[in-house]
Amino acid sequence: MSHLDEIRKERLDKIEVLRQAGMEAYPAQTVRTHTIAEFLKNHQVLDEQDEVVGLAGRIFSIRDQGGVMFVDLFDGTEKTQLVLQAEQLGEDMLTLFRNAVDSSDVIEAHGEAFTTKRGMPSLQVSKWRMLAKSLQPVPDQWYGLKDEDERYRKRYIDILLSKDIADRIRRRSAFWNAARTYLLERDFVEVETPVLETTTGGADARPFETHHNALDIPVYLRISAGELWQKRLIVAGLPKVFEIGRIFRNEGMSAEHLQDYTQLEYYEAFNDYRKGMDAITDLYRTIAQKVYGTQKFSIKGFDIDLADEWKVYDYCELIRSEFGIDPLTATEEDARAKLTEKGIVFDPKGFNLERGIDLLWKQLRKSLAGPGFLIGVPAYM
């Protein structure tokens, strides 16, 4: 029997201990008066008023010192300390807790707020009950999941153990809500366009393909967020439309390149790309301020201030200035020679002008901090 199997058997036995004590291991309802964040925020007032508080959450650690037990409880908002003693709880309930409760269990605890001699805001527990008996322990919060592949496969554990990752998910929600609010306040209409298409458009990428049984035809998951559909809506007389939607690309994947991800795409009639630049600048500044409370960031060694004037980078002019060749008149041999001269590695197999110029651009763009817009990209690119 493996170590995890032994733990599971022990915890299944503890469910029986709970049942014999008349306590359910998985009750349908819970009663709590405060989140832990609310409890900590109002701790002093709750302490002064001797108000009975009900908390619920997952146990992260248990420290048994005989006559007193200290428990760290987490509910997704904050973490706090529970203190269990026979004087307030009763000997039987303290013993039941000791015999039936483990780290990772989800419990409900009622009691009064107080501060320990060491100044720790805590809850003196007078009553508790099980909400969900965990049959498998969560990895230690101090060590967590160290294997990167396992972290991504068990993202829920990684989130539970990492406040930074949990906060990142909250920021992501705030990000999309800020973008949506920005556009709605400017009279854009949010639309939902088809995810399944008979032919893909709006981008150049390999699609996921499946079969439509009712129509007996091949269909594809979209590779752009409704670009062609939104343009049709502009034709239909809706001058401002946008979609925040999932798109799918059946190609390489990495930490920065997923096969399915969320994209915002919007279209506005009677405006050109210069007005679009103004709108994008304002959108980014608004999102940054709402999500992060600042427009200044340090990114890969560059200090960025979105409040600064945004630069306009001319693709051909930059390459001419940096490498002395003009993408509009250069030949494949010109590009090959320049890459060799600069020591930029390239694969000669399938090499052409487009790949050569693109490699020069990728080398050059490493020095551009932004924020800014790129214009003048040759049509062949």
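Strand S2 (residues 68–74) runs antiparallel to its partner, strand S3 (residues 79–85), and the two are joined over seven bridges. Pairing here takes at least two DSSP bridges between two strands, and the strands themselves are DSSP runs of E with at least two residues, while helices are H or I runs of at least four residues, everything numbered from the N terminus.

A word on the model: it is predicted, with local features needing pLDDT of at least 70 and side-chain atom pairs counting only at pLDDT 80 or more, whereas totals for chains, interfaces and linings use all residues. Residues are numbered from 1 along each chain as its sequence is written, and side-chain values use heavy atoms, with hydrogens and water left out.

## The barrel

Back to the strands. S2 and S3 belong to a set of five that close into a barrel, in the order S1-S2-S3-S5-S4, with mixed pairing. Neighbouring strands of this sheet are turned by 55 degrees against each other on average, direction ignored. For angles like this, axes are lines fitted to C-alpha atoms (for helices, over the stretch in contact), and the angles run from 0 to 180 degrees between N-to-C directions.

| Pair | Sense | Bridges | Facing residues |
|---|---|---|---|
| S1 and S4 | antiparallel | seven | Gly57 and Ile107 |
| S1 and S2 | antiparallel | six | Arg58 and Phe74 |

S1 covers residues 52–64 and S4 covers residues 106–115. S1 and S2 also make a hairpin, with three residues between them, and Gly66 in that turn has a positive phi of about 85 degrees.

## Gln81, a polar side chain inside

Which residues does the side chain of Gln81 meet in polar contacts? Gln81 lies in strand S3, and its side chain has a polar contact of 3.1 Å with that of Arg63 and another of 3.0 Å with that of Ser122. A polar contact is a pair of N or O atoms within 3.5 Å; within protein, one must be able to donate a hydrogen and the other to accept it, and residues adjacent in sequence count only if both atoms are side-chain atoms.

Gln81 has a relative accessible area of 8%, so it counts as buried. The cut-offs are under 20% for buried and over 50% for exposed, with partly exposed in between (1.4 Å probe, protein chains only). Leaving out residues up to four places away in sequence, Gln81 touches Phe70, Val71 and Asp72, among others, and also Thr116, Met120, Pro121 and Leu123. Contact means heavy atoms within 4.5 Å.

## Two helix pairs

Helix H1 (residues 3–20) and helix H5 (residues 91–100) have axes that come within 9 Å and cross at roughly 160 degrees. H1 and H5 are therefore roughly antiparallel, a label for angles over 145 degrees; under 35 is roughly parallel, 65 to 115 roughly perpendicular, and the rest oblique. H1 passes H5 in a left-handed crossing. Lys14, Val17 and Leu18 of H1 make the contact with Leu96, Asn99 and Ala100 of H5.

Helix H12 (residues 332–342) and H13 have axes that come within 8 Å and cross at roughly 35 degrees. This crossing of H12 and H13 is left-handed, meaning the near helix is turned anticlockwise from the far one by less than a right angle (clockwise would be right-handed). On the H12 side the contact involves Glu332, Ala335, Lys338 and Leu339, and on the H13 side Leu353, Gly356, Ile357, Leu359 and Leu360.

Most residues other than glycine have a negative phi, and most peptide bonds are trans. Some spots in this model go the other way.

Ser104, in the loop between H5 and S4, has a positive phi near 90 degrees. Is Ser104 buried or exposed? Its relative accessible area is 2%, so Ser104 is buried.

Phe270 has a positive phi of about 65 degrees and sits in the loop between strand S11 (260–268) and helix H10 (273–292). With 79% relative accessibility, Phe270 counts as exposed.

Then there is a cis peptide bond between Gly370 and Pro371, with omega about 0 degrees. Pro371 is in the loop between helix H13 (353–364) and strand S15 (372–375).
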